[in-house]
Each structure stands twice: as C-alpha cells, then as structure tokens.
Amino acid sequence: MTIGFSSRAVRSTCVLCAAGLLTLMPAAAAARAERPDPGPPGGSRAAAPGQALLYRSGTQVRPRPGAPGVPDVSALSWVVADAGTGDVLAAHDAHRKLPPASTLKTLFALTVLPVLPGGIRHEVSADELSGIGPGSSLVGVIEGRTYRVSDLWNGVFLNSGNDAVHVLASLTGGWSATAARMQAEARALGAHDTHVRSPDGYDAPGQVSSAYDLAVFGRAGLRNPDFARYCAKVDAMFPGRNGGSYGIMNTNRLLTGADGVEPYPGLIGIKNGYTSDAGNTLIAAARRDGRTLVVTVMNPQKGGGHAVYEEARALLDWGFEAGGRVEPVGSLVPAAARPRHGPEAVPAAVTAAQPSREESGWPETGAIVGVAGLGAGAMVLVLRLKLVRADRT
C-alpha cells in the first residue's frame, strides 16, 4: 500500500494541480524574476546602505586591533558570513557573477522543498528523465520505478543528481516554470546577481550567481528544517532495480572526509558543485561555540580539485578566530527586512511547509500545503491538495 491516488491518471493530474496553481499569475512572477540588478555604487542604481564595500573589487575586511590576517586563497570569489546575524565578516569580489554549478541546487531546494513534502510517492516517467545534460551527475533514477520524494531529495543533496532534479521539477510545474520561480525566490531573498537558466546548475548561457548570493541561499537553507537535515546527511540508501537499494554518499568531501580530505570539525553541510565552466564551487556551513558560519568559495585557481575544500577550511578557521575582532563589511539580510524581522528571523520569502516526516510516511492523509510569495510579498498563494490512501494495482 502506498500513498497515492486511485489511478495513475488521477494521481498525475492531482499532483500537477499543485504545479498549475503555483504558476498562476505568470506575468507577476516574470516581472519579479526580471527585476534589474542593483549594480555597483556609482551606477544607475546605488548599492544599499552598508553594502557598498561588497561591490568593490578585491578583498574587503575591516579588522579591529588583534584580528587575524585573512588567509591567502586563490578562489575568484568568496564570502565569510555569520549565519545568525547575517553579517559578512570578509569577502573577495563578493558580487562577481560566475557560473554556480550544482551549488544552484540550494536555490532549487529553497524554492521546491516547501511545496513538495517528502512522504509523497511518485512513479517516474520517461518524459521526466528527458533533457538531462550530457555528463551530468546522476543518482540513478529509473523510469517506471516508484520513489518517495524524500528519496529524490537525498539524490539531490547527496549525489547532486540532475536526474532527481528533473523529476522534482516536473512535479512542480516543469523545467521553465521551476526556473522562473527560482528566479523570483532569489530576488525575494535579495540575491540580485543570480540568473537561472537550468534549475540543476548545469552550465547554460547566461546562468550565473555570486559568492554573495550563494551565501544568502546557504543561510536561508539552514532555516528550513528539511533543507538543514538533507544537507547534513553523510550517506543514505537509494532505491534501485528489482526492489533493491544501494548506498549513496554525500559528495561534499569536507563533510565526509572522502578522498583524503580531512573532514571539518562542526561542519553541518551545505552543497558542493563542479562543471567545466564553473570549476569547483562550494557553500559550507560549520558550527562552533554557539556560532554558525557560512562560507562560499567559487572556482579556486590553484591546488587541483580539492582546493575548494582546503580554501573553505582556511576561511572557516579564520572566521571563527576573527569573531568579535572584525567589523562587518556588509550583510546577507535585505535592508528592508532588517528593522522588521531582526537578524534571526526567517527571510520573508522562505516559508517552510510542515516537516516531511518521511520516516513515518507522512502524509498518510491530509494536505500538501505550499506558500509562495508573489509581487512584493503582498500576494500569498495557499494550496491544499488532499491526499488519500490507495492500493496500487
């Protein structure tokens, strides 16, 4: 017995009802997604107050007496930020637009997780696996196999499976609609450097993000309980052929210690990536002595494939040592949100649904509840889709 609907046709129609409702008012979403970037100071749009340093080239840091020196790293762009306050402690070319590779899956998860609970079961079709880019990282999703949504999320977070992303995107309106909602989510979070063309992070013309935006996504992700749990997993079992399963391991070597990379003490995720255009990219978060730091590293120029982890390690070490001994050079919190919500509040656009409870098979009955901000946060769409128990024949 599985969670589903009385026939495959009805199941498909009802699940995709969610996607259809989430894509209402496409003009509003598109307008939000294509809002112009703020640009650097002196341009047509000045940077927000207190953010100007982050638009300057080179390394930005404001040390107090006794502060440790910033480590010498080769990444084209990086950020060290306090996840609790949102303060940016130091950065290098924070708003430089670069290909993000699979770190863009963090934005995909922020957009889709709240409207797609982990307990849903879905039979994968051939159409859902079409269009995956050559050379993509795959977790091994099989046409005709039934998966829990939580299995697919394990495939996204641990194995960076583009096949899992394609299936999840199909359940929430399709590839283009998902990209548009991701774009809107990025803007709502104050991430104006990001342009989404392929939700899985696969290289595509015009697809870029920045170390600043990736830090914003990482910080927001830690405030979503499902996101935080998935990104911290070291390993999981994934459904295979003939009713079997096989083990998958997180490809974030700073978390697992694989391939000779020493695991970082206190690391709690979040996501690594690689493509030929992007090079190696990483969002890493670690907790120590009651503080949580988020570090982003984009495309190290020296040291080989593991340099992204060692440079993140050096930046995390510096950030923990520099606590209380540097002045912030900016903030990950949108200026408009700071007075109203405070540093510890969840960003307004990230509205988490109930935890997936996939261990207990939730939802047995009940509803998928999705909340998506439209316009300037003034319009809210609430979707309730009743689920029933049904025998699959």
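Student: How many bridges join strand S2 to S4, and do they run parallel or antiparallel?

Tutor: In this predicted model, S2 (residues 59-63) and S4 are joined by 3 bridges and run antiparallel. Within that pairing, Gln 60 is opposite Ala 91 in S4.

Student: Which strand pairs with S4 over 4 bridges?

Tutor: That is S3, residues 77-82, again in the antiparallel sense. Trp 78 stands opposite His 92 in S4. S3 and S4 also make a hairpin with 4 residues between them. Gly 86 sits in the turn and has a positive phi of about 85 degrees.

Student: And what does S4 do with S13?

Tutor: S4 pairs with S13 (residues 330-331) over 2 bridges, antiparallel. Asp 87 has Ser 331 in S13 as its bridge partner.

Student: Why call S4 largely enclosed?

Tutor: Because 5 of its 6 residues, in the run 87-92, are buried, the rest of the structure largely encloses S4.

Student: What about Asn 242, buried or exposed?

Tutor: Asn 242 counts as exposed, because its relative accessibility is 82% and the threshold is over 50%. Asn 242 also has a positive phi, about 55 degrees, without being a glycine. Its loop runs between strand S7 (235-239) and strand S8 (245-249).

Student: Which residues does Arg 145 touch?

Tutor: Leaving out residues up to four places away in sequence, Arg 145 touches His 122, Glu 123 and Val 124, and also Pro 239, Gly 240, Gly 243 and Gly 244.

Student: Changing topic: which residues touch the most other members in the largest nonpolar core?

Tutor: Val 141, Trp 153, Phe 157 and Phe 217 do, in a core of 62 residues. Helix H7, residues 211-222, is the top contributor to this core, with 7 residues. As background, nonpolar side chains in soluble globular proteins tend to be buried together.

Student: What does Phe 157 touch?

Tutor: Not counting residues up to four places away in sequence, the contacts of Phe 157 are Ala 109, Leu 113, Phe 227, Tyr 230, Cys 231, Asn 250 and Lys 271.

Student: How many residues are in the second core?

Tutor: That separate core has 26 residues, including Leu 293, Val 295, Tyr 309 and Phe 320.

Student: What is the bridge partner of Leu 293?

Tutor: Ala 286 is paired with Leu 293, the latter being in S11. S10 and S11 (residues 291-298) run antiparallel and are joined by 8 bridges. Their hairpin has 2 residues between the strands, and Asp 289 there takes a positive phi near 50 degrees.

Student: How many bridges pair S10 with S9?

Tutor: There are 7 bridges, in the antiparallel sense. Thr 275 has Gly 279 in S10 as its bridge partner. S9 and S10 form a hairpin too, with 3 residues between them.

Student: What is the volume of the second largest pocket?

Tutor: About 440 Å³. Its lining has 26 residues, and those closest to the centre are Ser 102, Ser 137, Gly 273, Tyr 274 and Thr 275.

Student: Which element gives the most to that lining?

Tutor: S9 does, with 4 residues in the lining of the second largest pocket. Strand S9 (267-275), strand S10 (279-288) and helix H10 (307-321) each supply at least two.

Student: What is the lining like by class?

Tutor: The lining of the second largest pocket has 16 polar, 5 nonpolar and 5 charged residues.

Conventions:
Residues numbered from 1 in each chain as written. Predicted model: local features only at pLDDT ≥ 70, side-chain atom pairs only at ≥ 80, totals over all residues. Heavy atoms only, no water. Core = buried A, V, L, I, M, F, W, Y, C linked by side-chain atoms within 4.5 Å. Buried < 20%, exposed > 50% of the residue type's maximum accessible area, 1.4 Å probe, protein only. Contact = heavy atoms within 4.5 Å. Pairing = 2+ DSSP bridges. 1 Å grid on protein atoms, 1.4 Å probe; cavity = no way out; pocket = protein on both sides within 12 Å on 5 of 7 lines; lining within 4 Å. Points joined across faces, edges and corners; volume = space filled by probe spheres on them. Nonpolar A, V, L, I, M, F, W, Y, C, P; charged D, E, K, R; others polar.
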